[in-house]
Amino acid sequence: MQMQTLTLRGGVPSARRAAPPQASSAHLAASWPCLLRVPRSLRRRRPRSLRASASLEQEVKEVAPAPSGKSSQATRRDVRNIAIVAHVDHGKTTLVDSMLRQAKVFRDNQVVQERIMDSNDLERERGITILSKNTSITYKGTKINIIDTPGHSDFGGEVERVLNMVEGVLLVVDSVEGPMPQTRFVLKKALEFGHAVVVVVNKIDRPTARPEFVVNSTFELFIELNATDEQCDFQTVYASGIKGKAGLDPENLADDLGPLFEAILRCIPEPRIEKDGALQMLVSNTEYDEHKGRIAIGRLHAGELQRGMEVKVCTPDDSCRVAKVSELFVYQNFSRVPVEYVGAGDICAVCGMSDIMIGETIADKVTGTPLPTIKVEEPTVRMSFSINTSPFVGREGKYVTSRNLRDRLYRELERNLAMKVEDGETADTFLVSGRGTLHLTILIENMRREGYEFMIGPPKVINKTVDGKTLEPYEIAAVEVPEEYMGSVVELLGKRRGQMVNMEASGPEGTTLLKYKIPTRGLIGLRNAILTASRGRAILNTIFDSYGPWAGDLSSRDQGSLVAFEDGSTTSYALLNAQERGVLFVQPGQDVYKGQIVGIHQRPGDLAINVCKKKAATNVRSNKETTVVLDEPLSYSLDDCIEFIQEDEIVEVTPASIRMCKNPKISKKK
């Protein structure tokens, strides 16, 4: 008769053991701070997941004896729920691509584009993940639900929501850069939830890879974030996401991602569920379909969900309403598959509730109770949105009224929990708060592509007043810069009230990693300034740190604006004279209006110029024609314009154009 084995977590003695525990495991548990100095093979002997050959009923009886009148707890062995988290550009989405391909999600002859999970146009253009997305694969009979999450700190709200749906995370770290600011943020959130962590050292095939340094830096980060002994004993997998290879040793990778899949099954715990409990599902995300309406996505914590059943939608304030499940889906491979029934522990999508919101609970109609709602960190940057009042209003957009603008902004709140919208001083102005300028510019870009016309003001930080003292948000800025440009970058950061936290060599390429604690105000416009000072070779990453004392006044833009003197169409003759005053944004034949910013003045202060002046037609024969040579106009993107404008300037956003102009309301006050 085969002996049954059952090992419990959290230091609880095992029910029965097939063999006496090894001395090495006990030694590791007692001296975990020195874990990385022991052989890697010894570390991997430590059991991490619940492995029992006993039946589900035996496990429930031995693991969680249920008090009388309460539902029993169990585990689902056939499901794993994981989120892939990392700093931006560390290769999360590429790794998911390889996992999907090797799980035979696609046909052998199917043409698949790169970064499959980045389905949004903006995500493909910018090369970043903006929205979290669900998929699943099947490996050795176990369904693995995978959630790809954003890597940029401005979209941290997406990560915080996703962590409610999983039991473990894959922390992807670049083999050269090591832990970066966003790595710290996502890891901190995962540890707070008590999730198991598998560290994936990605891009191990880079010539300058330094896996030992990266693993030690990651371990130190775990200790800084007060991880438990169990969490510090993380499994390390070395991988090349683009080649689809992984291994437990950086020098000996397998031909596929098999070691990574095995690590997921071994280290990520099975979902703990209340199989016989009352239905409970926390809505962690929503999507919209033209035919199905709003779709609620979340993990089923307890009970069973069936298509056609009536449920109760509960909010944390105990206000409930009855709804009906019209359709039910689970994630299988790369698509949603309709099902009749979903058991606890799985991630599913529910249709039929047009007013469902993120943070609400789908519960049993009779005995259902709400789960704790999702909490995300407060926004730190605010911008004003108002209707377009320029002379060119209505030329390019379909939605130009304040009612259109209001409806669109408040509709964004339904799925973007990290954003806030308030009414402004006037009926046509709205204050939108977000995690950072990128968080807001993504919204602006989406709106202009949908056909909206509006104007936006300069970004402003959100301060707090505590005990009569003004506090402002501070962020940790990590700048990776070549040594020859380090002096210029340090000077820029110093002017913006930055305080150096750390400076260290970053890899063998002759680059230095500077870490500064800097007011959020000082980051506005800093990215372009650093790129200019380093000739485009510096990399800036930021993450919110905390609120601190007011840092005082910061040096603003050194140069003023060139402002159009009158309405009309620009001419080569006028631009030839205007370009001597600074750098222009416009080219010949372009329509402009009075008050529009057409260039950057070479001196402080604004200068009104005439860019529509035409050459006089008198005495033409006596003047020899000269060839007009104009400089190439400067092209500013939406992000550049938002960083450029000052207090008395605004950005006009339309589906086809982005213009900057002086704010007529402030000009009238002056």
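**Aromatic pairs.** I searched the whole structure, a predicted model, for aromatic pairs and got 10. I picked out F219 and F234. Their ring centres lie 6.4 Å apart, with 50° between the planes. I logged the pair as tilted. Where do F219 and F234 sit? I placed F219 in helix α8, residues 211-224. F234 falls in the loop between α9 (229-232) and β7 (235-240). The two are 15 residues apart, and I noted that the pair links distant parts of the chain.

**Helices α11 and α12.** Next I looked up the packing of α11 (residues 402-412) against α12 (residues 437-449). The angle is about 130°, and the axes are 12 Å apart. I recorded the crossing as right-handed. Which residues make the contact? From α11 I listed L405, R408, L409 and E412. From α12 I listed L443, N446 and M447. By class I have 4 nonpolar, 1 polar and 2 charged residues in this contact.

**Confidence.** I then checked pLDDT. The chain mean is 78, and 81% of residues reach 70 or more. Where is confidence lowest, and where highest? I found the lowest in helix α3 (residues 56-63), with a mean of 33. The highest is in strand β23 (residues 454-456), at 94. I flagged residues 1-71, where pLDDT is below 50. That stretch has 105 contacts in the model beyond near neighbours in sequence. I also flagged residues 111-118, again below 50. There I noted 35 contacts beyond near neighbours in sequence.

Note on methods
Residues are numbered from 1 along each chain as its sequence is written. This is a predicted model: local features need pLDDT of at least 70, side-chain atom pairs count only at pLDDT 80 or more; totals for chains, interfaces and linings use all residues. Side-chain values use heavy atoms; hydrogens and water are left out. Axes are lines fitted to C-alpha atoms, for helices over the stretch in contact, and angles run from 0 to 180 degrees between N-to-C directions. Helices (H or I, at least four residues) and strands (E, at least two) are DSSP runs, numbered from the N terminus. A crossing is left-handed if the near helix is turned anticlockwise from the far one by less than a right angle, and right-handed if clockwise. Contact means heavy atoms within 4.5 Å. Ala, Val, Leu, Ile, Met, Phe, Trp, Tyr, Cys and Pro count as nonpolar, Asp, Glu, Lys and Arg as charged, and the others, Gly among them, as polar. pLDDT is the predictor's confidence in each residue, from 0 to 100. Rings of Phe, Tyr and Trp (its six-membered ring) pair if their centres lie within 6.5 Å; planes under 30 degrees apart count as stacked, over 60 as edge-to-face and the rest as tilted.
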